[in-house]
Amino acid sequence: MLHVRCLLAGILAALSIAASQAAPAEPRLEILVYHEIRDGAQGPADGPTAISLSRFASQMRYLHERGYATLSTAEVVDFIKGVGALPAAKAVAIHFDDGWKSAQLALPVLERYRFKATFWIFPGAGIGWPYMDWAEVSAIARNPRFEVLSHTMTHPWKDGDTLLDWLHGRTPGKGVEQARWELAESRRVLEQKLRHPVHYLAWPRGLYDDTLIRLATDAGYAGLFTIDDGFNERNGDVLRIRRTMINGACDDLAFVRILADGKYRDCSAAAKRPQDGEDQARGRTPRTALDLCLASSAGRRYSAND
Ligand SMILES: [Zn+2]
């Protein structure tokens, strides 16, 4: 009986593989999100928002060798709207959040492969150390393969002081008008300084809701970027574009898996906790990408205005 079951299982598996090979693959697009880049021993440890330059370079080389095309934000939005085709069978977009000065370490690597990349900055509090200054931001914006876009004006991110908290009356002195200003003013300043149109926004900490989406479209944004992980597909939602954060503790094999399934991987926790079942045994809820992002950012000099 066992033998028959195994045989049936084998036939079903073979049929399923044949079916998956026969079906044309639906084009899908993953957006990879990086933050800080570390050169040598200097800088933050590898984790949700930091990666070593050598590992980053190795990931870019992999994308190049595997024939991945890289997309600008307009190309991403056109693909999701269904009006543009992907330029290659495999495509990604490469994003850098917050405008960290160390993100400039990525530039020669990106140039080596002629990769496109998008930098999201917050001009009200994220200019000057530890972030890029205006001359550095402008130099990136002048490169035809790179673009600089809006990450709000001051990047509200602390617990109890996010755009969502403001909207729901949980932050004294902050409300819908201040949220509107964060969205509109960032666009205005970037367009004035960099002299290019700014139609896209990435949410600080990836936090958003329907009201914030409405405020952002009122402010003139035509595409909104989250840190909800996963692939973007044709005829998807340009107001909820998925992006997958790359945890700098992930090794090359984990990176390949992330490219294959679009899922965020919590490699820094795995590296720190050799006994994998420990948290489940204690009944803790597993951490999400966002939790990790917050833990890693906590206590750091996030912005001059905090
Ligand atoms: Zn950010």
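A: Happy to! Helices here are DSSP runs (H or I) of at least four residues and strands are E runs of at least two, both numbered from the N terminus. Please keep in mind that this is a predicted model.

Let's begin with the loop that runs between strand S6 (117-121) and helix H5 (134-142), which is where proline 130 is found. The peptide bond joining tryptophan 129 to proline 130 is cis, with omega at about 5°.

Aspartate 98 is not a glycine, yet its phi is positive, at about 90°. Because 25 other C-beta atoms lie within 10 Å, aspartate 98 counts as buried; the cut-off is 20 or more.

Asparagine 235 also has a positive phi without being a glycine, here about 60°. You will find asparagine 235 in the loop between strand S10 (232-233) and strand S11 (244-245). With 8 other C-beta atoms within 10 Å, asparagine 235 is exposed, since the limit for that label is 12 or fewer.

In soluble globular proteins, nonpolar side chains tend to be buried together. The largest nonpolar core in this model has 67 residues, and those with the most contacts inside it include Tyr34, Phe119 and Ile246. Strand S1 (residues 28-34) supplies the largest share of this core, five residues. Setting aside neighbours within four places in sequence, isoleucine 246 is in contact with Leu32, Val33, Tyr34, Ile51 and Ile258.

Notes: Residues are numbered from 1 along each chain as its sequence is written. This is a predicted model: local features need pLDDT of at least 70, side-chain atom pairs count only at pLDDT 80 or more; totals for chains, interfaces and linings use all residues. A nonpolar core is a set of buried Ala, Val, Leu, Ile, Met, Phe, Trp, Tyr and Cys residues joined through C-beta atoms within 7 Å. Two residues are in contact if their C-beta atoms, placed from the backbone, lie within 7 Å.
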